[in-house]
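Subject: Structure handover

Hello,

I am passing on the structure we spoke about. Please look it over before you read my notes below.

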Amino acid sequence: MLFLSLGAMAQLEDGKIYRFKDNASGGYLNAANYDTHAQGSHGGVTVVALNEKSYDMLFVAKKSGDGFKLKTLTGYYLNGQEWNVDANSTTDGMELLFEEVDGGNYKIKWVSTAAKYQGQTKYFKVENVDGTYYPFCDAASGGAATWTIVEVN
């Protein structure tokens with residue numbers, strides 16, 4: 001079921017489970033591994049084909065400030081590591097905001113807490129690196145990926 005917005009931010013609900021589909025690649029956010037990748041060309045989260053049985057593609061929305069933190073059903077939060085997106089903490093994650101761009105599609109943004117980008121607003125983008133699609137959290141609004149948010153019963 002597509003979860004529709006009633007306003008400028010996706011109306012995610014605290015405690016509900018969602019999948020996040022990148023519209024350009026057709027892949028879904030997936031916590032591929034839980035190692036920190038603060039340095040390097042990519043993070044521990046990928047964008048891959050749907051696997052309905054994977055708990056690493058299912059994220060519980062946890063209300064935080066003006067947005068939400070996303071935690072996989074395997075217990076890891078999404079985190080920004082300067083430009084990479086990781087799932088390396090079971091205790092805390094990055095606060096994300098969801099901006100509607102058109103009829104149910106959204107940009108995902110966050111205010112960076114990394115020292116290099118302290119306080120800057122960054123958006124998720126998706127890039128192909130050596131045949132694997134990765135989300136990065138360092139895009140300007142114009143370079144942001146658009147996502148479909150799917151509530152999972």
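Predicted model: local features only at pLDDT ≥ 70, side-chain atom pairs only at ≥ 80, totals over all residues.

Mean pLDDT over the chain is 85, and 84% of the residues score at least 70. Among the elements, strand 1 (residues 17-22) has the highest mean pLDDT, 97, and strand 6 (residues 77-81) has the lowest, 87. Residues 1-9 are another matter: pLDDT stays under 50 there. The model has 27 contacts beyond four places in sequence for that stretch.

The rest concerns strand 9 (residues 105-111). Five of its seven residues are buried, so strand 9 is largely enclosed by the rest of the structure. With "buried" meaning under 20% relative accessible area, that is the basis for calling strand 9 enclosed.

Which strands does strand 9 pair with? The bridges are as follows.

- Strand 8 (residues 97-102): five bridges, antiparallel. Leu-97 has Lys-109 of strand 9 as its bridge partner. The hairpin formed by strand 8 and strand 9 has two residues between the strands, and Gly-103 takes a positive phi near 30° in that hairpin.
- Strand 10 (residues 121-129): three bridges to strand 9, antiparallel. Val-111 stands opposite Thr-121 of strand 10.
- Strand 12 (residues 147-152): two bridges to strand 9, antiparallel. Here Tyr-106 has Trp-147 of strand 12 as its bridge partner.

Regards

Key. Residues numbered from 1 in each chain as written. Heavy atoms only, no water. pLDDT = per-residue confidence, 0-100. Helix = DSSP H or I, 4+ residues; strand = E, 2+ residues; numbered from the N terminus. Contact = heavy atoms within 4.5 Å. Buried < 20%, exposed > 50% of the residue type's maximum accessible area, 1.4 Å probe, protein only. Pairing = 2+ DSSP bridges.
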